[in-house]
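Here is a short report on aromatic rings and their surroundings. Keep the sequence and the structure in view while reading.

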Amino acid sequence: MLSEKGTKKIIWFRNNLRTHDAAYWNHIQETDDVIAVYCLEPEWLAATPFGWKKMEVFRAKFLLETITDLKNNLAKSGISLYFFQETAPNVFQKLHSFFPFETIITQQEWTSEEIGIEQKIKTAFPNLKWVTFYDQFLIEPTDLPFSIEHLPDVFTAYRKKVEQKWAVQHPVSKPTGTFKTIALPFSDEIPSLEALGYPTLRTDERTAFPCKGGETEALHHLQNYLWEHRQITTYKVTRNELIGIPYSTKFSPWLANGSLSTRTVYHEIRKFEKEILENESTYWVLFELLWRDYFKCVSLKYGNHLFQITGILNRKYHWNRNEKLITDWINGKTKYDFVNANMLELKHTGWMSNRGRQNVASYFAKEILQDWRIGASYFEAFLMDYDVHSNYGNWNYLAGVGNDPRDRKFNIELQAKNYDPFHVYRNLWLTKNTIKI
């Protein structure tokens, strides 16, 4: 039975798949009837014009693990999470018949696909109350020292202004109380990969990211990285390495789907600096978090220009679509063994280092002059840590249509010599046999 007293509210989860530092806690109270909903859009499982699915198996596996963990953590507070493999406008129509909700609480999104889905729901429910919030930023747009319209187009100018204050809000506290559990005639089961049409996935033992999805694993990893192993103290030195887990923070997959709060990471680092050590490496992790925020701000400022071939700078270059060159890039059959090794790592694991991403993207856009949006789409499909703003912002940057003031092109042979001088990384990925466990 549903309570007659409280307001009926839905927490609609998108890229905020956590219970720690979650803004929605500020908008529900124990007298409310609250359910949580996640909608896996059918389009994500469909093929793109380029042949791969919009979300390939590695990101799908990480997402399902994340939602399973979220479901379990919400249940501790009495909130049921209902999972639908159906587009959100249809889901809300079905839900309303059994649960006549008055309020949708959701993370603020601004890219075109998300806005299009929202608009269909608003059309169907014109009197619905919407509560939205930016909780995917380190620094809220309203806390920046300038408006989004006046966002500097060069990262360094942005960083210098933002670092003068570091206006990072404190994480939202999770309430200690328990909500009434609402039972509805819908499934709360999270499907398997195979049920979604993906092949069974086994982990390649060479992967640099063998971790599971979900905030429980994310917070455990954060504690290990900072406090148990103190790997943050050498990040500046190791960040360009290519093999193994410890060389970089590996926070990005959890940050990408919101199962780890960037504010939580920030405040934990500040605590570490105060209690253990503050050095160039601890700062450099914060520096990288700012890059992530910056691309979100760029996306806010430029909107759909981020996805257009001329990019945010509206620069017109001649781009090609050579199927063989693109296929060779995907399958690690280019003239550069360094590019090949990185692309094979991505193909077999859903992961690639930042150094690798810069090189393979530079090769794709600057050397073989292929339409950079195809490369961005491939990254979107295969990367576990796909984030729309960082992915398309970086591809704009590396294709010469974005925020790079120098319009650089990577010398791939020199990069390989500098970062894999003894061919250890290349030998790892260019062997014929893939070993799986």
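## Aromatic contacts

Arg 270 sits over the face of Trp 166, 5.0 Å from the ring centre. Lys 236 lies over the face of Trp 284, at 4.5 Å from the ring centre. The model is predicted.

Trp 284 also belongs to an aromatic cluster.

Across the whole structure, a search finds 48 aromatic pairs. A pair of aromatic rings is described by the distance of the centres and the angle of the planes. Two of these pairs are set out here.

| Pair | Type | Centre to centre | Angle between planes |
|---|---|---|---|
| Phe 155 and Tyr 158 | tilted | 5.9 Å | 40° |
| Trp 291 and Tyr 397 | edge-to-face | 5.9 Å | 85° |

Phe 155 and Tyr 158 share helix α4 (residues 155–162). They are 3 residues apart, about one turn of the helix. Phe 155 is buried, at 4% relative accessible area. Tyr 158 is buried too, at 0%.

What does the pair of Trp 291 and Tyr 397 tie together? Trp 291 lies in helix α9 (residues 280–302) and Tyr 397 in helix α14 (residues 388–399), so the pair ties together parts that are 106 residues apart in sequence. Trp 291 is buried, with a relative accessible area of 19%. Tyr 397 is buried as well, with 13%.

## A surface patch

Ile 243, Phe 422 and Val 424 make a nonpolar surface patch of about 330 Å². Val 424 is placed in helix α16 (residues 424–429).

Methods: Residues numbered from 1 in each chain as written. Predicted model: local features only at pLDDT ≥ 70, side-chain atom pairs only at ≥ 80, totals over all residues. Heavy atoms only, no water. Patch = residues over 30% accessible without salt bridge, like charges linked within 9 Å, V, L, I, M, F, W, Y side chains within 5 Å. Areas by Shrake-Rupley, 256 points an atom, 1.4 Å probe, with all protein chains shown as cover. Salt bridge = Lys/Arg side-chain N within 4 Å of Asp/Glu carboxyl O. Helix = DSSP H or I, 4+ residues; strand = E, 2+ residues; numbered from the N terminus. Phe/Tyr/Trp six-rings, centres within 6.5 Å; stacked < 30°, edge-to-face > 60°. Buried < 20%, exposed > 50% of the residue type's maximum accessible area, 1.4 Å probe, protein only. Lys NZ or Arg CZ within 6 Å of the ring centre and 35° of its normal.
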